[in-house]
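Biologist: Please take one part of this structure and go through it closely, strand by strand and helix by helix. I would like to know what pairs with what, and what packs against what.

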Amino acid sequence: MKIVVIGGTGLIGSKTVERLRKRGHDVIAASPNSGVNTITGEGLAEALFGAEVVLDLANSPSFEDKAVLEFFETSGRNLLAAEKFAGVRHHIALSVVGTERLQESGYFRGKLAQEKLIKASGIPYTIVHSTQFMEFLGGIAQSGTVGQTVRLSPAYVQPIVSDDVADVMADMALAPPANATIEISGPERARLSELVGRYLKAMKDPRTVEADAEAKYFGARLNDRSLVSDNNSRLGAITFEQWFAKSAQPK
């Protein structure tokens, strides 16, 4: 089966491509560097010719409100139109748990716009809502840093490792369309401020973390339900401690 992975060279995309190729499928890792650009439309028709399944794992290069909305709307429209022309039978997109709850954030407004385009396209689809990736804990810390202090919300999070996400995305590519949204999350919950504090300590980073209920998460205020899944989510297998032991080491 021919499968096209948009964003196929990114964190999740590259791992998903590897898994699908090991299962014997013809997989195109599509990205601007490979001549496939969902914003300009360059290379889309050629890449999608003969494809049965498309996974959209691309992310906006900018988190600025206007830019991120334009990215997801333009990319979504171009990709879905090309899929319809090519006769693609299953569109799969990776989105975020809490998207509909965090519309104060421009990024999440962009993701919701993307999801609405998918649902209205007429193409059979599966939307996968994932909790935050553990690999992004460093970026989250940076987003809340002023001087040597990191101010972050103490709201609960349930992060998942990218390997577990890629396992799910590969499985979805080989499954029938759900025509619905499914959720995936990590196996454990923790407070964001505490978890990032543990991460920084493991990295021997001298910054200190302060819990601040008013601290925004990419433009949105959080509560204990914002970033966790209560919807019978599929749980990843890798815990915080297992990931820390393997990955959170000073370079």
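**Strand pairing and the helix beside it**

Modeller: In this predicted model, strand β9 and strand β12 (residues 234-235) pair in the parallel sense, over 2 bridges. In that pairing, S185 stands opposite L235 of β12. β9 (residues 180-185) also pairs with β5 (residues 125-130), again in the parallel sense, here over 5 bridges. V128 is found opposite I182 of β9.

A separate group is an open sheet of 3 strands with mixed pairing, in the order β6-β7-β11. β6 (145-146) and β11 are its edge strands; each has a single partner strand, so one side of each is left without a neighbour in the sheet. The pairing of β6 with β7 is antiparallel and takes in 2 bridges, and T145 stands opposite V150 in β7.

Helix α7 lies across β7 and β11, and runs at about 175° to β11. The helix spans residues 192-202, and its buried residues are L192, S193, L195, V196, Y199 and L200. These cover an arc of only 165° around the axis, which puts them on the same side of α7.

After α7 comes K204, with a positive phi near 55°.

Methods: Residues numbered from 1 in each chain as written. Predicted model: local features only at pLDDT ≥ 70, side-chain atom pairs only at ≥ 80, totals over all residues. Heavy atoms only, no water. Buried < 20%, exposed > 50% of the residue type's maximum accessible area, 1.4 Å probe, protein only. Helix = DSSP H or I, 4+ residues; strand = E, 2+ residues; numbered from the N terminus. Arc of directions from axis to C-beta. Pairing = 2+ DSSP bridges. Contact = heavy atoms within 4.5 Å. Axes fitted to C-alpha atoms, helices over the stretch in contact; angles between N-to-C directions.
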